[in-house]
Amino acid sequence: MKAETAARTRPATRSDKNLLWRDIIKNRWLYIMLIPGVLYFVIFKYIPMYGITMAFQDYTPYKGILGSDWVGFKHFQRFFGEPQFWTLFRNTFLLAIYNMVFFFPLPIVLALMMNEVRRERFKRFVQTLVYVPHFVSWVVVVGVFYMLFTTEGGAINELLYSLTGQKVAFLLEPGWFRTMIVGQSIWKEVGWGTIIFLAALSGVDTQLYEAARMDGANRWRQTWHITLPAIRSTIIILLILRLGNFLDTGFEQIFLMLTPTNRDVGEVFDTYVYTKGLTQAQYSYSAAVGLFKSVVGLALVLGANTMAKKFGEEGVY
Amino acid sequence: MQQDKTWGNRIFDIVNHGLLLLIGIVTVIPFIYILAVSFTSPHEVAKGGFILFPKEFSLAAYRYIFSTDTLIRSLGVSIYITVIGTLLNLLFTSLMAYPLSRRYLRGRQPILLGVLFTMLFSGGMIPTYFVVKSLHLTDTLWSLMLPTAISAFNLIVLKNFFQAIPDELEDAAKIDGCNDVGVLFRIVLPLSMPAMATFSLFYAVAHWNSFFNAVIYINDSEKWPVQVWLREIVILAQSRIGDTSIEETEIQPLTIRMAVIVFSTIPIMLVYPFLQKHFAKGVMLGSVKG
């Protein structure tokens, strides 16, 4: 093994080439094991990246990518010129902001609350309950919300009716759409989101708390001056990841929640790609929309990561 | 941190415990409600109100489910893709993760970079659809398993896990005449059981819950997994309510829709207690998972 390390640092010579061959033969099983995985990434990840070229063509399936006509930026121009573009932009953006403001802080608060519980059994009991929704599918989550909020005998509306004598069309009223989406995300993921913060909290040195109490700090002050700074970097990393996925507004969830009545507030880039591409067969156009989204997403990840590093945090990579 | 027994601290503890208990209960009440309604007679449901325990116990909704071919068949499809799909995931992921965990392997760095890049950028839905279609996978169950055979994230985590296993074990096994395949299956994998348990959990849950790939790739309703039927029966039916052009009979009664939700969730709820002890560990393996 030492010889190989040395070989890497010297410029390649003939004997090194022989060494390389010997190396490959010696480790042949390792290379054979790599084959299925590499094939997977090439076929299902990299060929689709090549397939993006259809965004610059008038793609028809029977001509294929090699035979279809090149049209340059035609589809992009159409997309940016469409009045729908701004609707999509607004919907995607607002949902992302709502999730950031109303959803993101909640797991932190919940983790801080759980962290104050000293009775292990009680803590585990609460955790068991709040983790459950994470494991059910979005179809189930949306289904459960539909069943609870429907005006046709849903429990929430029955309750509202007996209290106020009125029903609210939570599912049909476009004004309720974003509230519903954020509510579902909170119900499904808040408990699960606490795990990472609880883990970060368990690493805090208990002596710090003792010292703080000697100095007369109460629980609020201990939380503010010790606990929160201790999980600062975890919070920042998760914030970056969220920024990176800013445009991925929970595609399955929104796809499921879309109805003809709430399309104006609910349609986002992803669902638009599905509608135009797979239901209306405008392949090139929707591939162009998808590419636009991927590029903006990539820029967001890289930007957020650079920013985090500027603030002296480690960043994700 | 042991806190002083002052009044302020006591009140804080009581309020905190109370709030947490409330949050926990609010989280599971919808499930209890759905479960209760699914076991209640349609007659009682029609009277309305919030049911948390069925007064008139009835199995009618479940009898209906088990009398239909579609739902039973879809259950079979879901079980199939979950079991086979998860096995494929584990095999593919560990076969690739092991060579990548060997620091001396040439070409390891570019492959890892290639994998990382797929986490940042992707071809998107339409080009991927054409790849699956041109491989003639559409309308087969493979389209639900192969395109998700490896999760790049899990691959990297597993690679790091393998890397932490002492090299001396590998050397010893090789001296005893094992080749690399033998080292992986006889030494490394048995030592990685906690990680494998966690990954099989995550992969299996993803397969059981997946429905969008089936919506895209599978037209033949005989091959629909249970989540797709759930959407048909619960969500699409619901959004058709109020649409007068739809015949009343197409929309299933509330109890049946609730029972379908329960039916499609039962497997997860059954394994939940067994899996629970792995969660925290599994998430920490990944160190960060947003």
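**Where chain A and chain B meet**

User: How many residue pairs are in polar contact between chain B and chain A, both at pLDDT 80 or more?

Analyst: This is a predicted model, and side-chain atom pairs count only at pLDDT 80 or more. Between chain B and chain A, the residue pairs in polar contact number 14.

User: Which helix of chain B gives the most to the side that touches chain A?

Analyst: Look at the side of chain B that touches chain A. One helix there gives 18 residues, the most of any. That is helix 1 (residues 7–38) of chain B.

User: What area do chain B and chain A bury between them?

Analyst: The contact takes 97 residues from chain A and 101 residues from chain B. Of the buried area, 77% is on carbon and sulfur atoms. The total is about 9,100 Å².

User: Which residue of chain B forms a salt bridge with Arg219(A)?

Analyst: Two salt bridges are counted between chain B and chain A. In the one formed by Arg219(A), the closest N and O atoms are 3.1 Å apart. The partner is Asp13(B).

User: Where in chain A is confidence lowest?

Analyst: The mean pLDDT of chain A is 87. Confidence is highest in helix 3 (residues 28–51) of chain A, at a mean of 96. Over residues 1–7 of chain A, pLDDT stays under 50. The lowest mean, 49, belongs to helix 1 (residues 2–9) of chain A.

Terms used. Residues are numbered from 1 along each chain as its sequence is written. Chains are lettered from A and ligands numbered from 1 in the order in which they are written. This is a predicted model: local features need pLDDT of at least 70, side-chain atom pairs count only at pLDDT 80 or more; totals for chains, interfaces and linings use all residues. Side-chain values use heavy atoms; hydrogens and water are left out. pLDDT is the predictor's confidence in each residue, from 0 to 100. Helices (H or I, at least four residues) and strands (E, at least two) are DSSP runs, numbered from the N terminus. Contact means heavy atoms within 4.5 Å. Buried area is the accessible area (1.4 Å probe) that two parts lose on being put together, summed over both. A salt bridge is a side-chain nitrogen of Lys or Arg within 4 Å of a carboxyl oxygen of Asp or Glu. A polar contact is a pair of N or O atoms within 3.5 Å; within protein, one must be able to donate a hydrogen and the other to accept it, and residues adjacent in sequence count only if both atoms are side-chain atoms.
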